[in-house]
Amino acid sequence: MIERTAPDPHPAPAVTPGEGVPPGAPWRRLHRRTVLARCLVMLGVAGSAGLPVLLGLLGGRPFWQALAWVLAGGVVLVGAVTAADGVRVHRTGYRIGPERVELRSGLLLVKRRSLPRERIRSVDLTAHVLLRLLGLVQVRIGTGEHTGSGESTLLLDAVSRTEAERLRGELLARPPAGVPDADRDGTIASLDPAWIAYAPVSFVAPLLGGAAAGAVMQVSEWFGAQAEVIAWVGDRFAETPLVWTILVLAGAALLAGVVGALGLWVEMWWNYRLERENGGTLRIRRGLLTSRSVSVEERRLRGVDLVEPLGVRLFGAARVDAVATGLVKDAENEHTDRKTLLPVAPRAVADRVAAQVLREPAAPTDPSLLTGHPRAARGRRLRWALATALAPALVLAVLGALLTPVLLWIALGWAAVAVPVAVPLALDAYRNLGHGISGAYLLTRSGTVRRSTVALQRTGVIGWTVRRSLFQRRAGLLTLTATTAAGAGAYHVHDADASEALAFASRAVPALLDPFLEHDRP
């Protein structure tokens, strides 16, 4: 799809790349069509809120009078919000200097904020359907620091697409740092529509199915028809055994979840493209209704995380996340996952993307490079799994002995279902444990419901944490944690052999742990 946008009514002055604008440059303002976008949004809000109000007023007054009251209220609401947004747009200004990016806003209380240009880590572009129709884009400039107050982010809501691309190119301009010209830019991965087949086997499908069932009950309660809905369902299954009734209802909810998962996947990942741009920046573009553009500087990249949830792992697929500094979630946009470089795709594609992102000839996440963990780690997982599965059954059994025998049967049924599920998961969790070294990267893998294989740059490790519980000491095990400033901040090697894990840490990052180790002396 080719989009055509109108010329920017606020053209930028001529700028030499990398030098910024002169310190005395005038303040630039948000696009005027931002007010129109807010007005259209409020028209939709007023319409959706005015319809039930109109229906409520019809019971005691004529239609024309009720309609006049609703229209008057809608005009006041839309006019007030539009006027306030017009003042906000007029009073908001931004400019880019040689050293800082500045944002000024406010009418009575003027607020002025700035970010140092050398600390800017991301310039993300977002545009929902209405903004796209008007040729506008929201620009979020961030330093990657998590302050909890939003002071590390500047939001421009909104500017023209041309201006947004100019800002992004100028603020993320970096010297290539010796990167070969042949590897400097180009498309690394693009959307394959066949990947949508992995959406129904993710954990999103059952969650959306449960949410759909809950939404039906909630809406029926709002309209006072929840009892009628329950009675209607009961009539449909009046002569059906209880087990089949539960299976049919669960299947219907799951089917609704599958449809929802497919729609969510299309909205999030349509038009997906992962590109390496000139200057060493990875750019991820995606979205059907709401377009998103996320940038990750390669110099901030410390590795990759190959994530394999249980459902997609059974079909030989995985997704690739970035392990990088400055990729925290913004407090104003918590739902956005900015670290995903590749959606769930075949494992071969994920390995290829991981290798190209890290500029390696082969993916460092090769499972053949991993060292397994001792059998004592398997015993720990089995004991934890059995304890988790049998603890509720034990509580129900005690209550059944004291109160009613019905709880005893419930406890027996729980144990009969939970134990056969917990034991295979524990065995799978043990098989997935591993750690190793692949060139410039250290590897760690763990998890069963969500298996994660992390390839972390050895130079990015800033510390080691060694933890041993009483039971680990008796089994000769320990948990080793690599501390880093990137990604989750800490990556664990769970229940590894004590001597082997310490030797692994010493090899992975020489001289970091050696002063704390006792070496054999002749």
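Modeller: Arginine 285 is partly exposed, because its relative accessible area is 31% (buried is under 20%, exposed is over 50% and partly exposed is in between, with a 1.4 Å probe and protein chains only). Arginine 285 forms a salt bridge with glutamate 275 (a side-chain nitrogen of Lys or Arg within 4 Å of a carboxyl oxygen of Asp or Glu). Their closest N and O atoms are 2.7 Å apart. This pair links distant parts of the chain. Glutamate 275 belongs to strand β9 (residues 273-277), and arginine 285 to strand β10 (residues 281-286) (strands, E, have at least two residues and helices, H or I, at least four, as DSSP runs numbered from the N terminus). The two partners are ten residues apart.

Two notes on the source. This is a predicted model, where local features need pLDDT of at least 70, side-chain atom pairs count only at pLDDT 80 or more, and totals for chains, interfaces and linings use all residues. Residues are numbered from 1 along each chain as its sequence is written, and side-chain values use heavy atoms, with hydrogens and water left out.

Why can such pairs form at all? Side chains of opposite charge can pair when their charged atoms come close. A search of the whole structure finds 24 salt bridges.

Take another one. Glutamate 297 pairs with arginine 299 in a salt bridge. Here the closest N and O atoms are 3.7 Å apart. Glutamate 297 has 3% relative accessibility, so it counts as buried. Arginine 299 reaches 46%, and therefore counts as partly exposed.

Now a pair within a helix. Aspartate 351 forms a salt bridge with arginine 347. The closest N and O atoms lie 3.1 Å apart. Both residues are in helix α9 (residues 347-357). They are four residues apart, about one turn of the helix. Aspartate 351 is partly exposed, because its relative accessible area is 21%. Some salt bridges share partners: they join Arg28, Arg117, Glu163, Arg166 and Glu170 into one network.

Aspartate 428 lies in helix α11 (residues 406-431). Its relative accessibility is 13%, so aspartate 428 counts as buried. The aspartate 428 side chain makes a polar contact of 2.6 Å with the side chain of threonine 448 (N or O atoms within 3.5 Å, one able to donate a hydrogen and the other to accept it, with sequence neighbours counted only if both atoms are side-chain atoms). Arginine 104 sits in strand β3 (residues 100-105). Arginine 104 counts as partly exposed, because its relative accessibility is 31%.

Leucine 133 lies in helix α3 (residues 129-133). Leucine 133 has a relative accessible area of 70%, so it is exposed. The C-alpha atoms of leucine 133 and alanine 37 are separated by 9.5 Å, although these residues are 96 residues apart along the chain. Threonine 459 is in the loop between β17 (450-457) and β18 (461-467). Threonine 459 is exposed, because its relative accessible area is 74%. Leucine 403 occupies the loop between α10 (375-402) and α11. At 64% relative accessibility, leucine 403 counts as exposed.
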